Amino acid sequence: MRYLVLLRATQPGTPPPADLMEAIAKLGQEATVAGALLDTAGLAPSASAARVRVAESGLSVTDGPFTESKELISYALYDVRSKEEAVEWAARFMRLHRDLWEGWEGDAEVVKVLGPEDFAPPA
């Protein structure tokens, strides 16, 4: 099963510590070797983003930045046996931030990626 982990955070006024970045790289390597991590990347701030919306009045496009207090800052895509396994990888990633970057606050949302096998065949 594939799970997408979306990381949202309020960035402290300091860049990420070098020991955090080293620990993240080590965890990523471990997840890759285990065959769990398919892809991961950081995301640009919402100031460079756009939001496309469909509503009753039609289609609208709004350029960022957006007013959410937490920015969507990165994602990771895992291929694991269960939701619990995906949550464990996300929790390990979050613990690194808690332990190695004072003042950092954020949350990771773990969402199942649906495939054709998740839908009933057409009748």
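Which strands each supply at least two residues of the nonpolar patch? Strand S3 (50-55) and strand S4 (58-63) do.

This is a predicted model, where local features need pLDDT of at least 70, side-chain atom pairs count only at pLDDT 80 or more, and totals for chains, interfaces and linings use all residues. Residues are numbered from 1 along each chain as its sequence is written, and side-chain values use heavy atoms, without hydrogens and water.

1. Surface patch. Val52, Val54, Leu59 and Val61 form the nonpolar patch, with about 450 Å² of accessible area together. Patch residues have over 30% relative accessible area and no salt bridge; nonpolar side chains (Val, Leu, Ile, Met, Phe, Trp, Tyr) are joined within 5 Å, like charges within 9 Å. A salt bridge puts a side-chain nitrogen of Lys or Arg within 4 Å of a carboxyl oxygen of Asp or Glu. Areas are Shrake-Rupley, 1.4 Å probe, with only the protein chains shown as cover for residues.

2. Val54. This residue is found in strand S3. Strands (E, at least two residues) and helices (H or I, at least four) are DSSP runs numbered from the N terminus. Val54 counts as exposed because its relative accessibility is 71% (exposed is over 50%, buried under 20%, partly exposed in between; 1.4 Å probe, protein chains only).

3. Gly42. Strand S2 (residues 37-42) contains Gly42. Gly42 has 60% relative accessibility, so Gly42 counts as exposed. Leaving out residues up to four places away in sequence, Gly42 touches Ile73 and Ser74 (contact: heavy atoms within 4.5 Å).

4. Arg51 lies over the face of Phe66, 3.9 Å from the ring centre. The rule: NZ of Lys or CZ of Arg within 6 Å of the ring centre and within 35 degrees of the ring normal.
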